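Here is a dialogue for reading a protein structure one feature at a time.

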Amino acid sequence: MSTAASPEIADLLDRARAWAAADPDATTRAELEAIVREVEAGGDPTDLADRFDGTLEFGTAGLRGALGAGPNRMNRAVVLRAAAGLAAYLPSRGAVVVGYDARHLSDTFAEDTAAVMSGAGLDVWLLPRPLPTPVLAYAVRELGCVAGVMVTASHNPPQDNGYKVYLGDGSQIVSPADAEIAARIAEVGDLASVPRGTGWKVLGEDLLDRYLDTVAGLAEDGPRDLDVVYTPLHGVGGTAVAQVLETAGFEPAQVVPEQEEPDPDFSTVAFPNPEEPGAMDLALALAQERGADLVVANDPDADRCAAAVPTPTGWRMLRGDEVGALLATHLLRRGRTGVLATTIVSSSLLSKIAAAAGQPYEETLTGFKWIGRVEGLAFGYEEALGYCCDPEHVKDKDGVSALLLLCELAASLKAEGRTLLDLLDDLAREHGLHATDQVSVRVSDLSLISDAMQRLRTSPPTSLGGLSVLAIDDLALGSDALPPTDGLRFRLDSGARVVVRPSGTEPKIKCYLEVVVPVEPASENPDQVDAVEAARISAATRLDALGADIRRAAGL
């Protein structure tokens, strides 16, 4: 593609012109036509080639990608095709509920989906306004739908949007449904021939109120004295969280004013993900100023929950594994029974908490599409700040219910003169200190990810962080317990573990680290506070060594 006269450029331009001619949206049509003119005049074809480098792939995460014109972008043409393929896959009769967040074009994509579903003869309900993803997951089961669609890119950058599909059980799609839907999408012909109806109904606030009352009902009577700082990170969780906390008897949280209202540009953060450096700075500064007890946050579609707690040396973000252990312990102490589940990249601490409580435990692949399907699930979480606290009503991660229960636990501990960190120390004394960390590398060249995975498969390390590699599980091979997925699990001496996998939603390779350090018993160290702190220092050193070694081994 070095000259404008090359056959490759000519073919690319022909495909681009044909796409533009069929594009139902004037904005993306004009965008593409302008790019075509630039390439025709001898401009760089790289951007145009990328837009037509295949089609945005429909998988178990649905669709997710950058907004823009062309088949390899999120736009109305791609969404209409996805909706038509999904409609062809679904039963010919039944209802579909469609929700959307406050990102750019989310409402447009939702209405396009509603029109196609209605045109296919399905009953269609549209959520009344931009709302959290767990509201959509709740609505699928509450309304007895055959499917649900949520237009969201969760915590991705502002230039992205996405399309998440739920089936009638209220869980996200898994294989082979994703491949079958993708095949139906590929069969969609001329967009002009796709029937579109106008008969969908916009749901009233009563559905939302039922969800919020259900969440608030998770909290039991108890202490409510808690000074909370909250941020929805420019997303859609703010009003839902405020109402749930009020109904449950808490005083209003102090909301970060700069991040209170939905903003599709996420103007105060580089990435609208509470895990990313800097995303929580405004909330932590406000909490420091107020002397708050707890900081809680949702990601933009409010299906995740992050938390931070004060320490003598400043505020500390809790890791997803720590929040998962706290919520599991809280629910078990309240009498919750059933399967506790987490993923292969999350901490092994949950398995020990479950065993100590006499409850079954299950491990799944990464993602709530797997956790939500665990039979008899009582509580599930993944380390990426996702928690399912009420699987009877929402078989997906729900940042609103997790936030409420974390506030309830913190208030209960405060009434005893204790903190969330004290409870974590108790768990460390009982089960050993389980410390986790992550090496996450964002790339612009996706081949770097496949190269790293290949390097680890062909030349695997024999030790990591000074710990011997006892076994290596190539997750791509699958097993009786787990379906195949691209990943490697290194089982190390002393209960340590490293899992390496490509991200399913972002251009990242992720390495999940865990070490387990025993806490000296009281008979050997009467000062148990110091014993836990010594274990924590030792764990931090081991995690640093693990991270450095896996980076070297993977060539990152």
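**Reading the features in turn**

Gly 465 sits in the loop between strand E17 (463-464) and E18.
This is a predicted model, in which local features need pLDDT of at least 70 and side-chain atom pairs count only at pLDDT 80 or more, while totals for chains, interfaces and linings use all residues. Residues are numbered from 1 along each chain as its sequence is written, and side-chain values use heavy atoms, with hydrogens and water left out.

Q: Which residues does Gly 465 touch, not counting residues up to four places away in sequence?

A: Contact means heavy atoms within 4.5 Å, and strands (E, at least two residues) and helices (H or I, at least four) are DSSP runs numbered from the N terminus. Gly 465 touches Ala 545, Leu 546 and Asp 549 when residues up to four places away in sequence are not counted. The C-alpha atoms of Gly 465 and Leu 543 are separated by 7.5 Å, although these residues are 78 residues apart along the chain.

Q: How should I read the pairing of strand E18 (residues 467-474) and E19?

A: Strands of a sheet pair through backbone hydrogen bonds, either parallel or antiparallel. Two strands count as paired if DSSP finds at least two bridges between them. E18 and E19 pair in the antiparallel sense over five bridges, and Asp 473 stands opposite Arg 489 in E19. E19 is also joined by four bridges to strand E20 (residues 497-502), and these two run antiparallel; Leu 488 has Val 500 in E20 as its bridge partner. The hairpin of E19 and E20 has four residues between the strands, and Ser 494 takes a positive phi near 65° there.

Q: Why is strand E19 (residues 488-492) described as largely enclosed by the rest of the structure?

A: A residue is buried under 20% relative accessible area, exposed over 50%, and partly exposed in between (1.4 Å probe, protein chains only). Four of the five residues of E19 are buried, so the strand is largely enclosed by the rest of the structure.

Q: What is the order of the open sheet of four strands?

A: The order is E13-E12-E14-E15, with mixed pairing. Strand E13 (361-364) and strand E15 (386-388) are the edge strands, each pairing on one side only. Strand E12 (residues 339-343) and strand E14 (residues 377-382) pair in the parallel sense over three bridges, with Ala 341 opposite Gly 380 in E14.

Q: Which helix lies across E12, E13 and E14?

A: Axes are lines fitted to C-alpha atoms, for helices over the stretch in contact, and angles run from 0 to 180 degrees between N-to-C directions. Helix H12 (residues 349-357) lies across E12, E13 and E14, running at about 170° to E12.
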